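User: I am new to this structure and would like to learn how to read it. Could you take me through it feature by feature?

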Amino acid sequence: MTLLAQYALTGVVTGCFLILATIGFSLTRQVEGFLNIAHAEMLGVSAFITWGLNAVAGWPIVPSGIVAIVATAFIGLAIGRIVYDPIRKLGPAVVLISSVGVAYVIAGLMHAVIGTGIRTLDIPLATTYKAFGLRITNYQMIVVALAALTGVSLALFLNRTKTGLAIRAMSTNPELAASRGIDVRQTSRATWLLSSGLAGLAGVMLALIATLSTDIAFHQILQILAVAILAGLGSLYSVIVAGLIVGIAMDVSVFWIPAGYRPLIAFAVVIIALLVRPEGLSMMKRS
Amino acid sequence: MKSTVSIKGVLLKSTLLAGALAVSTASARADVTIGVLVPLTGELGEFGKIVAGAVELGVAEVNAAGGTKCGNLRTVVADTGGNPEVGIREATKMIESEGAVAVVGPTSGVMVALVDLAKRTKTVIMSPYAGTITLNELGGDYVYRTVSSDLGDGAASGLWLTDQGYKRVAFMVQNEESTISPAQVARDKLETSGIELTDYVVYNPGQPSYQAELVSVLANEPDAIYLAGGQQSGVTVIKEATAGGFEGEWLFTADLAVPEVFDAVGAQYLNGRAYVEFADADSSLPEFKAFDALYQEKTGGEPGPFAANSFDMANLIALSLESAESCTGEGINSVIRDVADGGEAVSSFAAGKEAIGAGKDINLEGASGPLAFDASGTPAGAYSIQQAKDGKWENVKFYPASAFE
């Protein structure tokens, strides 16, 4: 029983990482209207900026992470303006394929700058805490806390601020939003900054828990897609629920099924859920 | 040309006439071509250069000893860049335009791609470093290697885990054929030795964390964890298991036998309790020492990885030509197993040629170790175990090929 609870707890942490990795991706999907495959590579960009400042330049981890998040946000904004803005009128399929190209360019640049081999942050080994027979490390707790904090702050931002409300209006009906006087370009830029910044935060978490290689970030794209599809369109809260469902299902499944099938479990959950609720968890259909 | 060669071969079977004929036909001999098909560029370029250099050294030694009864050896070299398509194209050119009777030096992927061509054109192909287990299925007829299979790593790991006297061992294995196959061999060894296998976890690489995979492994508190994985996944597994309270010992596979692991994990967590297993040449053998001395004399440098295995390929082919009835790939294929096993032990072409001339069976003891081929054309290998000590890997155990008999 304790073992099963331990799997569930590990699943919560996995889910929280998936929430952080997916929430920016879903935001782009809602406001910009396409699946930004390069989102996963932005996690890598942030992770390696964190590594460069922390392990190479010798900065402490917190300022390294903050600079990485801000830098990633602006890199994302620049890519959005330079690459995606001019081709958006060609339709979501063209932008989607272009984002695959962007992912390859970012991966190639990272490979050229960083090179092969593994990289780790200059931080101590995780400390494990035990309670009720369950164990969790300090780094895992940081991932959970930041996922919760991100969920709450994003909700406040989208409900209480002018920019947040504009983003919500844009995601629901861009034409109507524009006709009601919302500055579409300004809102689009705010979205790029926000979604890339969230990728940056997930990247710092990646650097914190994982061993980095230039291809690890892109490996996360399938699970990000699984969570985003399960969440469906509409509210970002469904991303939080979807992330937890996929994370817990994958990790708890290891109790019965060999661990090699974890990715299969992620998609099995998505397929079963969509058979029952084709709109995804958010129950919202695009008008 | 082929018919005269085969008549010559038949005549040579008569041991009484052998010496006289070898002298009388010397002037009529043509050169025999061997293709050297290696990656000179790309990721494995450094290895390819070592292999080509060592084959050339072997060929020079053969020719210096008077060449084979089919003539002096001649090499044609081509670069594959490690690409199987390029490998097929260059090998075809070597066989059809240059008349190569053997093609040596391909890497794993190229070797597998060439199996069909080798059998169809009756040309021997041989690799000094292709460990892939695919060749365990495909090799054996026209397809040989002078290096052990990846499965041998599993046998060595199993032996070490047994020798260490662990009672309970957990396996963490990356989801790839090259790690699963040796792990399976190690697992079988443990099970026959009565060691309890607490967990056998096959995990996917590229994950940020392996906590879910480690839940049961850590709960069962094994004496040791056998970790067959790449550096990226391996380092995360080691760190998470250590943080999770694992206090037993480790056995890693060759990918983790690098100094970077100490920086990435922290040497204090590995020192004294982590070991690595990898294929290694038996440097204690007199054949290796002789090769080492020859290499240093001729090139002025130390022999690099697989140099001994490459030198052995040249000798194997030359001695096979010497004892075969025809100077063709078919001829080599028909006698190569006998040359490598069961007869008077010889360690150089000159000694082998003399013994064959005297009508004896020979057993070529290679610079890289015994070359006796199994059914798949693969010799048994030798393996080293190193221990983490003061942030470095240090030798603690060597398993010669004879340890697995």
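This is a predicted model: local features need pLDDT of at least 70, side-chain atom pairs count only at pLDDT 80 or more; totals for chains, interfaces and linings use all residues.

User: Let me start with confidence. Which element of chain B has the lowest mean pLDDT, and which the highest?

Analyst: In chain B, helix H1 (residues 2-13) has the lowest mean, 38, while strand E3 (residues 102-104) has the highest, 97. Over residues 1-28 of chain B the pLDDT is below 50, and beyond near neighbours in sequence this stretch has 20 contacts in the model. Chain B as a whole averages 88, with 93% of its residues scoring at least 70. The model also carries an ipTM of 0.92 and a pTM of 0.79.

User: What is the make-up of chain A in helices and strands?

Analyst: Chain A has 11 helices and 2 strands. Reading from the N terminus, the order is α-α-α-α-β-β-α-α-α-α-α-α-α. With a radius of gyration of 19 Å, close to the 19 Å that the globule rule gives for 287 residues, chain A is as compact as a globular protein of that length. The C-alpha trace of chain A spans about 55 × 50 × 35 Å along its principal axes. Of its 287 residues, 52% count as buried. Among the contacts in chain A between residues at least 6 apart in sequence, 76% join residues at least 24 apart.

User: Is H2(A) mostly covered or mostly uncovered? And which residues of H5(A) are buried?

Analyst: Here is an idea to keep in mind: an α-helix has 3.6 residues a turn, so residues three or four places apart point the same way. In H5(A), the buried residues include Tyr139(A), Gln140(A), Val143(A), Ala147(A), Thr150(A) and Leu154(A). Among the elements that cover the buried residues of H5(A) are helix H1 (2-32), strand E2 (134-137) and helix H8 (184-209) of chain A. As for H2(A), this helix is mostly covered, with 16 of its 18 residues buried.

User: Which residues of chain A does UniProt list under "transmembrane region"?

Analyst: The unreviewed UniProt entry lists several stretches of chain A under that heading, including residues 7-27, 90-118 and 255-276. Such a record can be set beside the model. Over residues 90-118 of chain A, the chain is 79% helix and 0% strand, and the end C-alpha atoms are 39 Å apart. Over residues 255-276 of chain A, the figures are 68% helix and 0% strand, with the end C-alpha atoms 25 Å apart.

User: How many residues does each chain give to the contact between them?

Analyst: Chain B gives 27 residues and chain A gives 29. On the side of chain B, the elements that give two or more residues are strand E7 (196-203), helix H9 (211-219), helix H10 (231-243) and helix H11 (260-265). H10(B) gives the most, with 7 residues. By type, this side of chain B divides into 11 nonpolar, 13 polar and 3 charged residues.

User: Why does Val32(B) count as buried?

Analyst: A residue is buried if 20 or more other C-beta atoms lie within 10 Å of its own. Val32(B) is buried because it has 25. Val32(B) lies in strand E1 (residues 32-38) of chain B. Leaving aside neighbours within four places in sequence, its contacts include Thr68(B), Val101(B), Leu321(B) and Cys327(B).

User: What is phi for Glu221(B) and for Asp390(B)?

Analyst: Most residues other than glycine have a negative phi. Phi of Glu221(B) is near 45 degrees, a positive value, and phi of Asp390(B) is near 50 degrees, also positive. Glu221(B) sits in the loop between H9 and strand E8 (224-228) of chain B and is partly exposed, with 13 C-beta neighbours inside 10 Å. Asp390(B) is in the loop between strand E14 (383-389) and strand E15 (392-399) of chain B, and is exposed, with 9 other C-beta atoms within 10 Å.

Terms used:
Residues are numbered from 1 along each chain as its sequence is written. Chains are lettered from A and ligands numbered from 1 in the order in which they are written. Helices (H or I, at least four residues) and strands (E, at least two) are DSSP runs, numbered from the N terminus. A residue is buried if 20 or more other C-beta atoms lie within 10 Å of its own, exposed if 12 or fewer, and partly exposed in between; C-beta atoms are placed from the backbone. Two residues are in contact if their C-beta atoms, placed from the backbone, lie within 7 Å. pLDDT is the predictor's confidence in each residue, from 0 to 100. Ala, Val, Leu, Ile, Met, Phe, Trp, Tyr, Cys and Pro count as nonpolar, Asp, Glu, Lys and Arg as charged, and the others, Gly among them, as polar. The radius of gyration is taken over C-alpha atoms; the globule rule is 2.2 Å times the number of residues to the power 0.38. UniProt positions are given in the numbering used here, feature names are shortened, and annotations may be inferred rather than shown by experiment.
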